[in-house]
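Please keep the sequence and the 3D view at hand while reading.

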Amino acid sequence: MLKGNRSIELRIAQINERVAAAKAQNLYMYIQPAEKVSGSRVVIEGKEMLQFSSYSYLDLLGHPKIEAAAKAAIDEFGTGTHGVRNLAGTTTLHVELEKTIAEFKGTDDAMAFSSGFMCNSSTIAALVGRNDIVISDKLNHASIVDGCLLSRAKFVRVEHDNMESLEKALAKVPENKSRLVIADAVFSMDGDILNLPEVVRLCNKYHALLMIDEAHSLGVLGETGHGIEEHFGMENVIDVKMGTLSKTIPSVGGYIAGNEELITYLKFSARGWIFSAALPPATVAASKAAFDVILEEPERITQLRRNVDYFLNRLKECGFNTLNSQTPVIPVIVGDDERAWLMSRIVQDNGIFILPIMPPVVPHKMSRLRVNVMSGHTMEDLDYTVNVLEKAGKEVGILK
Ligand SMILES: *Cc1c(COP(=O)(O)O)cnc(C)c1O
């Protein structure tokens with residue numbers, strides 16, 4: 001079928017075999033279509049399940065104010081933009097959203113890309129080039145890795161959240177080379193928080209530009225959800241502030257917030273901005289309204305914090321390994337793939353929607369269930385889920 005393209009055929013066959021094997025054992029559980037998504041509940045194949053896989057950390061999906069803004073945007077501007085941002089694709093809604101993001105992040109300016117993935121890959125590729133050095137934490141998101149590769153800068157990967165490894169890499173950079181340090185604020189598979197104070201100190205010492213990805217920290221970290229700087233009581237120590245509009249914000253897109261010169265530069269050099277259509281009006285209006293709701297309803301953040309602390313403590317009491325998670329991204333380490341499939345099956349059969357994460361997304365023998373806590377989970381939801389996880393953990397043999 002592929003006309004003798006052996007290596008491509010092999011690659012395709014390997015994935016297909018893995019999927020087929022999982023399906024044959026009734027252990028395949030990716031891409032299950034939700035029939036209804038409502039707060040901490042999701043309906044799949046007619047069965048209502050507890051939602052523990054969503055990024056809707058503050059339960060903003062379905063918020064009346066956000067939905068009303070999206071509907072009004074369609075009435076005013078229609079469903080698409082039919083243009084890229086620099087040409088016909090910018091509406092007043094886009095400008096309002098960017099002003100809101102800049103204010104929220106305490107910067108001069110901001111710009112919204114059509115996805116977080118594209119935002120990372122094209123921003124990094126625009127910032128560094130062939131003669132520069134880019135230093136990236138080993139557990140950074142795939143979109144950061146792709147951006148580093150795309151940039152053709154010298155790509156240095158440092159040990160995860162290891163400040164000695166970072167300092168060593170920085171000390172090696174020749175004086176005349178530009179250097180960019182990049183890390184997730186909250187690591188997307190482990191749920192731990194970057195040691196920002198130390199990273200900032202090292203970036204200052206070695207004159208490196210700092211870019212931080214706040215995909216999982218926006219709306220989550222800091223008393224008022226402003227992110228990792230608020231969490232550590234620091235102000236404007238990050239040069240390039242990246243975030244997504246698809247995790248806490250119930251929409252889609254990615255943003256860069258920073259000083260005016262940086263944003264102007266990116267508008268004429270980030271290829272994902274220049275050559276891809278602008279975000280649709282409803283999406284933009286929903287994002288803008290969601291930032292307003294985060295400011296107006298801070299109790300959601302307090303509730304999320306309470307839920308995360310309670311849930312993490314209970315899992316640890318059971319004896320689960322949750323790495324260094326301190327956030328609503330909670331890994332329950334299982335080890336090998338088969339057990340992770342099996343444990344997920346048991347959990348899903350008990351009415352809880354939790355999914356397994358396998359290599360190559362996480363390291364070999366570090367397969368896990370990734371459990372996401374939301375502000376809308378009740379104590380009963382959390383207790384029930386811990387009990388089911390404990391029972392399943394014993395059944396697959398990772399708990400005594
Ligand atoms: C999800 C995620 C992205 C990509 O964002 P999308 O808006 O889904 O494209 C980037 N970085 C991190 C750390 C993420 O978790």
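## A buried serine

Ser-143 is buried, with a relative accessible area of 1%; buried means under 20% relative accessible area, exposed over 50%, and partly exposed in between (1.4 Å probe, protein chains only). This serine has its place in helix H5, residues 142-151. Helices (H or I, at least four residues) and strands (E, at least two) are DSSP runs, numbered from the N terminus.

Leaving aside residues up to four places away in sequence, Ser-143 touches Phe-117, Asn-120 and Ser-121, where contact means heavy atoms within 4.5 Å. With the side chain of Asn-120, the side chain of Ser-143 makes a polar contact at 3.0 Å. A polar contact is a pair of N or O atoms within 3.5 Å; within protein, one must be able to donate a hydrogen and the other to accept it, and residues adjacent in sequence count only if both atoms are side-chain atoms.

## Basis of the model

The model is predicted: local features need pLDDT of at least 70 and side-chain atom pairs count only at pLDDT 80 or more, while totals for chains, interfaces and linings use all residues. Residues are numbered from 1 along each chain as its sequence is written, and side-chain values use heavy atoms, with hydrogens and water left out.

## The ligand site

The ligand is surrounded by 15 residues, and the closest are Phe-117, Asp-213, His-216, Ser-246 and Lys-247; a residue counts as near if one of its heavy atoms lies within 4 Å. Helix H4 (residues 116-127) gives the most to this shell, with 3 residues.

Polar side-chain atoms face the ligand at several points. An N or O atom in the side chain of Asp-213 is 2.5 Å from a nitrogen atom of the ligand. Oxygen atoms of the ligand lie 2.7 Å from a polar side-chain atom of His-216 and 2.8 Å from one of Lys-247. Taken alone the ligand exposes 380 Å², of which the protein buries 86%; accessible areas come from the Shrake-Rupley method with a 1.4 Å probe, and for residues only the protein chains shown count as cover.

## Helix H7

Helix H7 spans residues 196-205, and its residues Leu-196, Val-199, Val-200, Leu-202 and Cys-203 are buried. These residues lie on the same side of H7 because they cover an arc of only 165 degrees around the axis, taken from the directions from the helix axis to the C-beta atoms.

The buried residues of H7 pack against helix H6 (163-172), strand S7 (179-184), strand S8 (209-213) and helix H8 (228-231). After H7 comes His-207, with a positive phi near 50 degrees.

## An open sheet

An open sheet of 4 strands has the order S1-S2-S3-S12, with mixed pairing. Its edge strands, S1 and S12 (352-353), each pair on one side only. Two strands pair if DSSP finds at least two bridges between them.

Strands S1 (residues 34-38) and S2 (residues 41-44) run antiparallel and are joined by 4 bridges; Val-37 has Val-42 in S2 as its bridge partner. Their hairpin has 2 residues between the strands, and Gly-39 takes a positive phi near 55 degrees. S2 is also joined by 4 bridges to S3 (residues 47-51), again antiparallel, and Val-43 stands opposite Glu-48 in S3. In the hairpin of S2 and S3, which has 2 residues between the strands, the turn residue Glu-45 has a positive phi of about 50 degrees.
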